[in-house]
Amino acid sequence: MGDYMEETGDPFTGKKKEELKKFLEYMGLTYDEQITHSIVLRKEKEIIATASCQKNIIKCVAVSEEYQGQNLLAHLMTSLIEYFYGMGISHFFGFTKPQNKELFCSMGMYPVTQTEKILLLENDKNGLEKFLKRLKKETQEQQKCKVENRHENGIGAVVMNCNPFTRGHEYLIREAAKKNKWLHIFILSEEQSFLTTRERYQLVREGIQEIPNVILHQTSEYMISPAVFPTYFIKEKAKAYEMNCQLDIQLFGERIAPELKITDRYVGSEPVCDVTHTYNQCLREQLPCYQIRFHEIPRKTYGDQIISASEVRKKYAENQLKSVCGMLPESTRRYLERKKNENRK
């Protein structure tokens with residue numbers, strides 16, 4: 001690297017983090033607090049280039065104008081890829097502005113989808129096709145041992161975190177299943193702080209055994225949790241979240257829904273979380289563009305309280321799980337009690 005020095009952080013803290021934030025701000029970007037690993041290149045102690053990631057999602061890539069054209073981006077990408085492989089990550093993604101498309105494609109990234117403001121890329125040229133093929137195979141395999149609802153013709157979809165699976169989730173699934181020939185349930189694959197992806201998937205699987213016409217999937221990064229939507233390169237911060245929702249909905253509407261012949265999408269009403277409420281509103285406005293009907297089901301209550309996974313997590317942390325047992329299917333309640341007992345040992 002000649003005169004340049006590489007420095008890494010998992011992530012940076014203190015003074016080094018502040019230096020990185022200032023450099024990104026100078027480059028028109030905002031530091032993303034969800035970053036898990038960063039690389040900076042310095043010349044005479046000054047940052048001249050950087051790249052970061054949140055797990056397997058590349059973020060906050062910037063090269064100072066004075067040093068562009070000197071292969072610094074290639075160096076950053078090589079270092080990031082080495083980091084990914086060292087962490088056992090072989091499939092990764094990146095978000096950027098559409099005008100950076102050629103630059104990132106020259107680094108071995110491939111476009112997945114884009115809107116006017118945001119471009120999503122990945123390192124596997126056929127990644128999306130493999131994902132769609134997997135969804136179709138899962139559907140065919142599960143339909144062999146399931147029973148369709150012959151009273152309806154629609155193909156429904158529900159996208160959920162289920163952290164953990166509650167009677168609210170169960171109610172939404174039952175209501176949607178009644179109104180469709182088949183119902184696809186997508187469990188978001190982003191790892192959560194309370195239960196792992198595997199735990200959440202298994203709890204949903206156990207909780208829906210009695211519903212005959214449901215098909216269960218994990219999502220990969222092609223269906224994105226609102227929590228990881230990127231905003232660091234979007235100047236219009238007030239509209240950034242809606243722009244990201246558009247990207248997610250477009251990918252679902254253009255590629256995923258047609259593959260599975262999905263005609264209807266269901267959500268639970270959201271009176272508490274502004275982020276989810278905004279996402280639901282975007283779904284309501286944009287899904288009809290893809291000939292997909294939007295349905296909002298009123299949230300189920302327990303007594304005078306709305307059933308909430310976040311409330312369950314709170315009571316679990318406070319050792320008051322019994323106070324919200326009425327919000328949980330038996331399978332979830334038993335699992336959480338067992339998990340709590342094991343953590344005490």
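## Salt-bridge exercises

With a relative accessibility of 27%, E259 counts as partly exposed. Keep that residue in mind as you work through this predicted model.

**Exercise 1.** Find out which residue E259 meets in a salt bridge, and where the two partners lie.

*Solution.* Start with the contact: the side chains of E259 and K136 meet at 3.7 Å, N to O. The cut-off for a salt bridge is 4 Å, so this pair qualifies. Finally, check K136: its relative accessibility is 36%, which makes it partly exposed.

**Exercise 2.** Work out how E170 and R174 are spaced in their helix, and whether each is buried or partly exposed.

*Solution.* First, the closest N and O atoms of this salt bridge are 3.4 Å apart. Second, both residues belong to helix 5 (residues 167-178); because they are 4 residues apart, about one helical turn separates them. Third, compare each value with the 20% limit for buried: E170, at 12%, is buried, while R174, at 31%, is partly exposed.

**Exercise 3.** Describe the pairing of R333 with E330.

*Solution.* The two side chains form a salt bridge of 2.6 Å, N to O. In helix 10 (residues 330-344) they are 3 residues apart, again about one helical turn. E330 has a relative accessible area of 40% and is partly exposed.

**Exercise 4.** How many salt bridges does the whole structure hold, and which residues form a network with E7?

*Solution.* The search finds 24 salt bridges. K16, E19 and R42 are linked with E7 in a network.

Terms used: Residues numbered from 1 in each chain as written. Predicted model: local features only at pLDDT ≥ 70, side-chain atom pairs only at ≥ 80, totals over all residues. Heavy atoms only, no water. Helix = DSSP H or I, 4+ residues; strand = E, 2+ residues; numbered from the N terminus. Buried < 20%, exposed > 50% of the residue type's maximum accessible area, 1.4 Å probe, protein only.
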